[in-house]
Amino acid sequence: MAAHHHHEPQGADLATAAQATLEKSGEQWTVMRANIFRALAGFDKPASAYDIAEAVSKAEGRRVAANSVYRILDLFVGANLARRVESSNAYIANAHPDCLHDCIFLVCDTCGQTTHLDDDRITRGVRLAAEAAGFSPVRPVIEVRGKCATCD
């Protein structure tokens with residue numbers, strides 16, 4: 001299957017799906033993790049750990065350190081709850097955390113809007129090419145930079 005569509009929960013449903021996925025991996029869904037996920041999911045563009053720390057700090061009325069946010073984001077990426085946009089050092093919430101795919105991002109250089117695509121045909125080809133070159137791919141990430149339809 002080249003590409004497929006998912007039911008993409010939003011809001012509380014997305015947080016519930018993320019919680020279930022994290023707990024299924026053997027991790028706990030703590031208040032801080034819930035707050036960080038909620039903040040991450042609230043951004044309409046990729047957010048840095050500093051952006052997320054600021055949003056959580058405002059919501060909680062106390063300072064939350066970016067280092068704490070980075071650790072939780074690393075956990076989220078490993079558990080498939082978030083995706084890291086490598087070129088921006090920023091993160092987006094995974095809209096379907098119960099489904100694992102390699103990342104293809106379309107990143108607008110003008111407005112920063114980032115679209116995540118699932119196309120297993122393309123990413124399988126990248127994995128096969130890497131393996132043919134004697135490389136063991138762990139987490140392929142493909143980023144295409146350019147202009148979105150709105151900015152074009």
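Ile104 stands opposite Leu117 in β4, where strands (E, at least two residues) and helices (H or I, at least four) are DSSP runs numbered from the N terminus. The model is predicted, so local features need pLDDT of at least 70 and side-chain atom pairs count only at pLDDT 80 or more, whereas totals for chains, interfaces and linings use all residues. Residues are numbered from 1 along each chain as its sequence is written, and side-chain values use heavy atoms, with hydrogens and water left out.

**The three-stranded sheet**

- An open sheet of 3 strands has the order β4-β3-β5 with mixed pairing, two strands being paired if DSSP finds at least two bridges between them.
- Because β4 (114-117) and β5 (141-146) stand at the edges with a single partner strand each, one side of each is left without a neighbour in the sheet.
- From one strand to the next the twist averages 20°, with axes being lines fitted to C-alpha atoms (for helices over the stretch in contact) and angles running from 0 to 180 degrees between N-to-C directions.
- Strand β3 (residues 103-108) runs parallel to β5, to which 6 bridges join it, and the bridge partner of Ile104 in β5 is Ile142.
- β3 and β4 run antiparallel and are joined by 4 bridges; they form a hairpin with 5 residues between them, and Gly112 in the turn has a positive phi of about 85°.

**The β1-β2 hairpin**

- β1 and strand β2 (residues 90-93) run antiparallel and are joined by 4 bridges, with Ile92 in β2 as the bridge partner of Arg83.
- This hairpin has 4 residues between its strands, and Asn89 takes a positive phi near 45°.

**The second largest pocket**

- About 200 Å³ of space lies in the second largest pocket; a pocket is, on a 1 Å grid over the protein atoms alone, an open set of points where a 1.4 Å probe fits, with protein on both sides within 12 Å along at least five of seven lines, and lining residues have an atom within 4 Å of a point.
- Of the 14 lining residues, the closest to the centre are Val77, Asn80, Leu100, His101 and Arg139.
- α4 (66-78) and β1 (82-85) are the elements that give two or more residues to this lining, and β1 provides the largest share, 3 residues.

**Confidence**

- The mean pLDDT (the predictor's confidence in each residue, from 0 to 100) of the chain is 89, and 93% of its residues reach 70 or more.
- Over residues 1-7 pLDDT stays under 50, and the model has 18 contacts for them beyond four places in sequence, contact meaning heavy atoms within 4.5 Å.
- Where pLDDT is low, the predicted coordinates should not be read in detail.

Methods:
Points joined across faces, edges and corners; volume = space filled by probe spheres on them.
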